[in-house]
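Me: I would like to learn how to read the packing of helices in a model. Could we go through it step by step?

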Amino acid sequence: MNSKKTFIDPLIDNNPITRQVLGICSALAVTVKVEQALVMTLALMFVLTMSNTIISLLRNYIPSSIRIIVQLTVISTLVILIDKILQAYMYEISKSLTVFVTLIITNCIVMGRADGYAMQNNVKDSFLDGLGNGLGYGMILIAVAFFRELLGFGTILNFQILPEALKNGLMTMPPGAFIILGLIIW
């Protein structure tokens, strides 16, 4: 697969959420507000891109018997780094995302790309794969959050768009996320 296809394929044709149905839990949990979805997107993109790059750099030195442990160690270190940065510079958002940032460690997208792609491919393609999958994941997260925030609170990034009378409380709850995500996948 060429580098361009490696990057573009996960955006639409092989999107991690809509095609592979991975990362659904965080897609439902952190999409109440666009701001949260943006931060989660950036956090996952960083972890996915950097873990793919690091695993690809180390792939020829990792014994197959401990490859999962090494991958988890790399991913965990990156997640802890992101979590500490969020706590230091974006404390309120860090509190609202609570456990979901730390759960990036077990996110199927991150683990799957590290083991299924970065272990078999060069650094450049692994970086592009991580970036493409992170963007693909983020596009869906932000789209779901956009409609949930708009329809549930009447706002986008805390700017009032819709009048109070048009707010729908269902969109602020998990079923609202299922509905929006189902419509996007459909």
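Reply: We start with handedness: a crossing is left-handed if the near helix is turned anticlockwise from the far one by less than a right angle, and right-handed if clockwise. Helices here are DSSP runs of H or I with at least four residues, numbered from the N terminus. The crossing of α7 and α8 is right-handed. This is a predicted model, in which local features need pLDDT of at least 70 and side-chain atom pairs count only at pLDDT 80 or more, while totals for chains, interfaces and linings use all residues. Residues are numbered from 1 along each chain as its sequence is written, and side-chain values use heavy atoms, with hydrogens and water left out.

Me: At what angle do α7 and α8 pack?

Reply: Axes are lines fitted to C-alpha atoms, for helices over the stretch in contact, and angles run from 0 to 180 degrees between N-to-C directions. Helix α7 (residues 123–153) and helix α8 (residues 174–185) meet at about 125°, their axes lying 10 Å apart. Angles under 35 degrees count as roughly parallel, over 145 as roughly antiparallel, 65 to 115 as roughly perpendicular and the rest as oblique, and α7 and α8 are therefore oblique to each other.

Me: Which residues of α7 and α8 make the contact?

Reply: Taking contact as heavy atoms within 4.5 Å, α7 contributes Ile140, Ala143, Val144, Phe147 and Arg148, and α8 contributes Pro174, Gly176, Ala177, Ile180, Leu181 and Ile184.

Me: What is found at the two ends of α7?

Reply: At its start, a side-chain oxygen of asparagine 122 comes within 3.1 Å of the backbone nitrogen of lysine 124, and just after α7, glycine 154 has a positive phi of about 80°.

Terms used: Polar contact = N/O pair within 3.5 Å; in protein donor to acceptor, adjacent residues only side chain to side chain.
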